[in-house]
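My notes follow in the order I took them.

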Amino acid sequence: MIQKRFISISIRRLTFSLLLLMAAVTASAQVKFFSFQKDSIPTFRGFAVSFDLVGAGLMQFSDNGQYEGALRVNLHDEWFPIVEVGLGRANHDDEVTKIHYSTSAPYFRIGIDKNMLKEKHGPYRLYIGLRYAFTSYKVDISRPDYPDPVWKWNTGYGIKDLACNFHWIEALVGVDAKIFGPLHLGWSFRYKKRIAHSEGNLNRTWYVPGFGLYGDTRLGGTFNVIIDI
């Protein structure tokens, strides 16, 4: 109970901090770090939607992956508040232990990117960014029956719909290049760090939707098709 309360308080604090950061970006021109470059370009430059090809490729050619899309706001070609939403899945069989693992669940990220190039309004962008991410998922784990070599009784077992949740942050570096018209292509390199989790009676789950294969830290990346709207 104490752990769940701590997780809940941490989530509220992180979400509140991100909202404050985004408010500072849009409202504060007094702080140099958050100020906009002074020119005749308007602050609001529209929206963009994107789709990640890396996760979709993993979904098709491996036993885990995700479908992921994003919506971001363009503020003066400098600051980009963003929401990323995806569906992560795994269907894995361990060849040694014969354990089967499966899960399928949505995940969510909220954050902001900053264009670091001096020429903000050109066809290329270099980003640094930060995300807070969360998923609530259920896992199924099973192993087929087989006789114990000594006692000869069956030793199979199974876990069904074990409720888990996972919270993490991501720091990223990315690039974005305009191809033609509203079409952009871009990629990002990400460092992920777990900040809180609950996995029932398990010490760890094999795969976490949106985070990837289990671990306290993980490196990852995206390759995005981006369309300005």
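I take helices (H or I, at least four residues) and strands (E, at least two) as DSSP runs, numbered from the N terminus. This is a predicted model, in which local features need pLDDT of at least 70, side-chain atom pairs count only at pLDDT 80 or more, and totals for chains, interfaces and linings use all residues. Residues are numbered from 1 along each chain as its sequence is written, and side-chain values use heavy atoms, with hydrogens and water left out.

**Entry: Glu68**

I looked up Glu68 and found it in strand 2 (residues 64-75). Is Glu68 buried or exposed? I use buried for under 20% relative accessible area, exposed for over 50% and partly exposed in between (1.4 Å probe, protein chains only). Glu68 has a relative accessible area of 5%, so I noted it as buried.

Next I checked its polar contacts. Each is a pair of N or O atoms within 3.5 Å; within protein, one must be able to donate a hydrogen and the other to accept it, and residues adjacent in sequence count only if both atoms are side-chain atoms. The Glu68 side chain makes one with the side chain of Tyr107 at 2.6 Å. It makes another with the side chain of Arg109 at 2.9 Å. I then listed contacts (heavy atoms within 4.5 Å). Leaving aside neighbours within four places in sequence, Glu68 is in contact with residues including Ser50, Asp52, Glu84 and Thr222.

**Entry: Met59**

Met59 sits in helix 2 (residues 53-61). Its relative accessibility is 16%, so Met59 counts as buried. Beyond four places in sequence, Met59 is in contact with Asn64, Gly65, Gln66, Tyr67, Leu87 and Arg89.

**Entry: strand pairing**

I count two strands as paired if DSSP finds at least two bridges between them. Strand 6 (residues 157-180) runs antiparallel to strand 7 (residues 183-198), and 15 bridges join them. Val173 stands opposite Phe189 in strand 7. The hairpin of strands 6 and 7 has 2 residues between the strands, and Gly181 there takes a positive phi near 55 degrees. Strand 7 also pairs with strand 10, antiparallel, over 11 bridges. Here Gly186 stands opposite Asn224 in strand 10.

**Entry: aromatic rings**

How many aromatic pairs does the structure hold? Rings of Phe, Tyr and Trp (its six-membered ring) pair if their centres lie within 6.5 Å; planes under 30 degrees apart count as stacked, over 60 as edge-to-face and the rest as tilted. I found 7. The centres of the Phe166 and Trp168 rings are 5.9 Å apart and the planes stand at 55 degrees, so this pair is tilted. Both residues, Phe166 and Trp168, are buried. Phe166 also pairs edge-to-face with Tyr214, at 6.0 Å centre to centre and 70 degrees between the planes. Phe166 lies in strand 6 and Tyr214 in the loop between strand 9 (212-213) and strand 10 (217-228), so the pair ties together parts 48 residues apart in sequence. Tyr214 has 14% relative accessibility, so it counts as buried. Phe166, Trp168, Phe211 and Tyr214 form one aromatic cluster.

**Entry: nonpolar core**

By nonpolar core I mean a set of buried Ala, Val, Leu, Ile, Met, Phe, Trp, Tyr and Cys residues joined through side-chain atoms within 4.5 Å. The largest has 16 residues, of which Tyr101, Tyr137, Val139, Phe166, Trp168 and Val208 touch the most other members. Strand 4 (100-115), strand 5 (124-143), strand 6 and strand 8 (207-208) each supply at least two residues of this core.
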